[in-house]
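User: I would like to learn how to read a model like this one, feature by feature. Please take me through it.

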Amino acid sequence: MPKVVIPYEPQPRQQLYHQTICIDELLYGGAAGGGKSEATIWDALMYAMTYPESRQIIFRRTFPDLQRSIIARTLVAYPKALGKYNQSKHEWIFVNGSVVELAYFDSDSHKPNYDGAEYDVIRWEELTHFEEGWYTFMLSRLRGSKPYPRYIKSTTNPGNVGHAWVKKRFIDIGEWEKVHHVHETDETGSPLFHPDTGAPIISRRVFIPARVQDNPALLRADPNYIVRLMQLSEQERKQKLDGDWDTFAGQFFGEFSRAMHVVKPFRIPREWRRFRMMDEGYNDPFVCLWGALDRSGNLYIYREFIRSKLLSSEQAAHTKRLTGAEQIDYTVGDTSFWNKSKTSGEAPFEVFVKAGIPMIQATKERVNGWKRVREWLHPVDVVDPVTGETHKEARLRIFDTCTGLIEALPSMVTDEHNPEDVAAHPLDHAPDALRYGLMSRPAPAIVTEESKPVPFPFKTEDDDYESEGAIMTW
Ligand SMILES: Nc1ncnc2c1ncn2[C@@H]1O[C@H](COP(=O)(O)OP(=O)(O)OP(=O)(O)O)[C@@H](O)[C@H]1O
Ligand SMILES: [Mg+2]
């Protein structure tokens, strides 16, 4: 084996990232310039040299990003005495038989490339650029016959389309820099158990925060770097300089706030007008939201049903079951409910009509639709009729049982080609249904005096409000 000097001295946080190996999934994330990518390429090399004939893969979302960051960087950094880069296969082959593949993954169509693949380590660079489904798919490729530690190590800044799922998977699980044993769940949220032993399926996950201040090498070489970050807009500065996960640049509904838009369920008075809004889907989920308008014109989304892989007849049956005896004024549906099925020749809306759910077609215009959603979310000044004091309220309120819609709204990201539109996102189905519903109504009423609904216990015996329905499946 050739003796070579590695031109890299890890900073303390990078050291922690390298040393953490008794885990299944690690995320090294936060501020820009903390040394995350540098740590990735050296970690991959150290692993390759420590474990002969091991196989690793490093992902970026697009080929240009891969080329610019990982390929270019490894070509400069990796000592040639240790291995060779194969240009056509985009992989490093080292003298001990280890391989590090460099690849991009930006659509479901890339999954079959990895059907029979096995990796000891999978590394995602800029994890928030990816969809969760791709990440979990590749988790199943983490396998092999050699007695090596196997794990996924990723790096990222906050923001981008994957912000919400990455935050939930790594940031919100508990104290940072501590390994958490997370009981895995299936897509309906039910805990998973080993089919043979019945033992709970546990993942060991850890989040290591990165800060620019961790990287004195960068600050020495470029003392003005922090000054430039400080000149960014507040949101971008928080994200890039502080690695803040609570806000992120590009968030479409910046006005969404749990405190203002999410309410505890209460019994809805019978006389309030109710309507339903639906987004069509089979592989993508079918979504039904139930809305009720109070006497002042405030809209409450009081129930949601979100589930994929249901036939139209099953979607209609669930809708009916959950609606029960409630009086629904009308149901507005995505225009694709009117597309005839190739096999039965019947359009989904006909199935719904037969089941007793007539439907009107949604206005699908996106930009005006999102504007309408924003109008309903926008906080307005309301004067309390008793005290005369002014406070802020929004016209749209969501029962806290509607977890899918509550997760989805703040996750929506601005389309980089059209700042007035929402970029495609795996969670956009519930916001789409909401948009169809709001486009079926006038803009929100501006009213100052309000008849406040009386908060009710979550479940009561004579209740016409059914708590079931907050079922989330993607
Ligand atoms: N231990 C180190 N010694 C010397 N230089 C380093 C070290 N770690 C990182 N650097 C240098 O600091 C700069 C920023 O590092 P890097 O690109 O890894 O940051 P990052 O956290 O991936 O940033 P971004 O969030 O923008 O992707 C690079 O020029 C890199 O070469
Ligand atoms: Mg980087």
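User: Which residues have the most contacts inside the largest nonpolar core?

Analyst: One reminder before that: this is a predicted model. Now the general idea. In soluble globular proteins, nonpolar side chains tend to be buried together. Here, the largest nonpolar core has 53 residues. Phe253, Ile301 and Leu434 have the most contacts inside this core.

User: Which element gives the most to this core?

Analyst: Strand β12 does, with seven residues. Other elements each supply at least two residues of the core, among them strands β11 (273–279) and β13 (299–307). Helices are on that list too, including α10 (312–323), α12 (366–377) and α14 (429–439).

User: Next, domains. What are the bounds in the domain assignment?

Analyst: Such bounds come from an automatic or database assignment. For this chain, domain 1 spans 12–240 and domain 2 spans 258–473. Their C-alpha centres lie 37 Å apart.

User: Now the ligand. How many residues surround ligand 1, and which are the closest?

Analyst: Start from the cut-off: a residue counts if one of its heavy atoms lies within 4 Å. By that test, 17 residues surround ligand 1. The closest are Glu9, Gln14, Lys36, Ser37 and Glu38. By class, the shell has four nonpolar, eight polar and five charged residues.

User: Which helix gives the most to that shell?

Analyst: Helix α2 does, with three residues. Helices α2 (36–50) and α6 (216–221) each supply at least two.

User: Why is Ser107 classed as partly exposed?

Analyst: Buried means under 20% relative accessible area, and exposed means over 50%. Ser107 is partly exposed because its relative accessible area is 22%.

User: How far is Ser107 from Met277?

Analyst: Their C-alpha atoms are separated by 29 Å. Along the chain, Ser107 and Met277 are 170 residues apart.

Methods: Residues numbered from 1 in each chain as written. Chains lettered and ligands numbered in written order. Predicted model: local features only at pLDDT ≥ 70, side-chain atom pairs only at ≥ 80, totals over all residues. Heavy atoms only, no water. Helix = DSSP H or I, 4+ residues; strand = E, 2+ residues; numbered from the N terminus. Nonpolar A, V, L, I, M, F, W, Y, C, P; charged D, E, K, R; others polar. Core = buried A, V, L, I, M, F, W, Y, C linked by side-chain atoms within 4.5 Å. Buried < 20%, exposed > 50% of the residue type's maximum accessible area, 1.4 Å probe, protein only.
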